[in-house]
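These are my notebook entries on a structure that I went through element by element. The entries follow the order in which I looked things up.

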Amino acid sequence: MHISDGVLPPAVTIGTALVSGVIIMLSIRRLHYEEYPKIAVMTAAFFVASLVHVPVGPTSVHLLLPGLVGIVLGPLSFLAVTLGLVLQCFLFQFGGITALGANSLMMGVPAVFSGILFRSLSGRRVFRAPISAGVAGAVGVIFAAIILAVLLTLSGKYFWGVAKIAVVAHIPVAVIEGFVSAFTVSFFQRVKPELINGVT
Amino acid sequence: MKMWKRVGWYITLMILVIVCWVGICFPDKNVEKIIGSDVEEHTFSNAHHDELSGTCAELVIEFRKQNELMKRDIHQMKREIVMLRQQMEKPNIKDLIAGVGFIFGLFGVGYYVHARASINKNNRR
């Protein structure tokens, strides 16, 4: 799920780049040096996840992990996602350089939202942490697909069909991502609970 | 009488010239049809000409067969090149390790600089 060069109109490209830049600056300002290792590990996980292809029917999809990154890093997940996308762009040619702002916004905002959703759900007694993580992970992917659809629709009517396909194609990804997030969070809970509880 | 003889010779010579001209300017149509317009103009006798045009036609048919086979082979090679290019464009384990190393390195440097700045700030206080 990466937008290539030339898909978005200049106004959308510049606008999303500016918004992403502002969010990155805010993230850097509130960054504490003790959080660097955690961010590095989650950025590496996000970066590598794009290569884990899951076969779905005739095609295959890859993990996105905005939910898991958001759960572990909270508001700082935008920074991790952006860095992961920059490296994916330069090393794997996933997405365009001019569309980096839009791609960051598309993946970073759902990651931050997933973190907030996880905190609010896991605070209630009905939801245990893995279930909340599963829901947050799945919602993160769907939210990212919706943002992609909105950005594509802003680009013109020609992309409306692609936008619909993108949302539908990511429903199985959301389900898989939900399970992956739930299992990972349950593992963190047993091994290192402060990793998911210590988000400010 | 002598004059008539001379006129007869002139007429025969003219006929010969006309025949030669017709032979040069209008070669066999069959050969032109098979090979195309870039035909080498020649002035052979009819029997020799037919024999040559038959050989040329066989050669052209063979040439076309070979051309078809070559075209098929080239198409297959093009497909294989495209597939190979796609395979090469796929990220490999080297890119993966390079990316992860870059991330850890970058955050390591960031950690060092940030931690050093924080410690210096605390020491000043």
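**Entry 1: helices α3 and α5 of chain A**

I looked up the contact between two helices of chain A and found that Pro66(A), Gly67(A), Gly70(A) and Ile71(A) in α3(A) meet Met107(A), Ala111(A), Ser114(A), Gly115(A), Phe118(A) and Arg119(A) in α5(A). By class, this contact of α3(A) with α5(A) comprises five nonpolar, four polar and one charged residues. Contact is taken as heavy atoms within 4.5 Å.

I then took the geometry: the axes of α3(A) and α5(A) (residues 100–122) come within 7 Å and cross at roughly 55 degrees. That makes α3(A) oblique to α5(A). Angles under 35 degrees count as roughly parallel, over 145 as roughly antiparallel, 65 to 115 as roughly perpendicular, and the rest as oblique. The axes are lines fitted to C-alpha atoms, for helices over the stretch in contact, with angles from 0 to 180 degrees between N-to-C directions.

**Entry 2: conventions**

I noted that this is a predicted model, in which local features need pLDDT of at least 70 and side-chain atom pairs count only at pLDDT 80 or more, while totals for chains, interfaces and linings use all residues. Residues are numbered from 1 along each chain as its sequence is written, chains are lettered from A and ligands numbered from 1 in the order in which they are written, and side-chain values use heavy atoms, with hydrogens and water left out. Helices (H or I, at least four residues) and strands (E, at least two) are DSSP runs numbered from the N terminus.

**Entry 3: two antiparallel pairs**

I looked up α2(A) (residues 36–49) against α3(A): the helices pack at an angle of about 175 degrees, with their axes 10 Å apart. They are therefore roughly antiparallel to each other. Lys38(A), Ile39(A), Met42(A) and Phe46(A) in α2(A) meet Leu68(A), Val69(A), Val72(A) and Leu73(A) in α3(A). The residues of this contact divide into seven nonpolar, no polar and one charged.

I turned next to α6(A) (residues 129–154) and α7(A) (residues 160–191), which pack at about 155 degrees with their axes 7 Å apart. That makes α6(A) roughly antiparallel to α7(A). Their crossing is right-handed, and the contact has 21 nonpolar, eight polar and one charged residues.

Phe47(A) lies in helix α2 of chain A and is buried at 0% relative accessibility (buried is under 20% relative accessible area, exposed over 50%, partly exposed in between, with a 1.4 Å probe and protein chains only). Phe47(A) and Leu83(A) are 36 residues apart in sequence and 8.6 Å apart in space, C-alpha to C-alpha.

I checked two serines. Ser77(A), in helix α4 (residues 77–92) of chain A, is buried at 0%. Leaving aside neighbours within four places in sequence, Ser77(A) is in contact with Val69(A), Gly70(A), Ala111(A) and Val112(A). Ser20(A) lies in helix α1 (residues 10–29) of chain A and is buried at 2%. With neighbours within four places again left aside, Ser20(A) contacts Phe78(A), Gly101(A), Ser104(A) and Leu105(A).

**Entry 4: a backbone angle**

I noted that Leu65(A) has a positive phi of about 60 degrees although it is not a glycine. Most residues other than glycine have a negative phi. Leu65(A) sits in the loop between β2 (59–62) and α3 (66–73) of chain A and is buried at 7%.

Glu194(A) pairs with Lys192(A), the closest N and O atoms being 3.1 Å apart. Glu194(A) is partly exposed at 46%, and Lys192(A) is partly exposed at 39%.

Lastly, I noted that chain B has four helices and zero strands, and that 12% of its 125 residues count as buried.

Methods. Left-handed = near helix turned anticlockwise from the far one by under 90°. Nonpolar A, V, L, I, M, F, W, Y, C, P; charged D, E, K, R; others polar. Salt bridge = Lys/Arg side-chain N within 4 Å of Asp/Glu carboxyl O.
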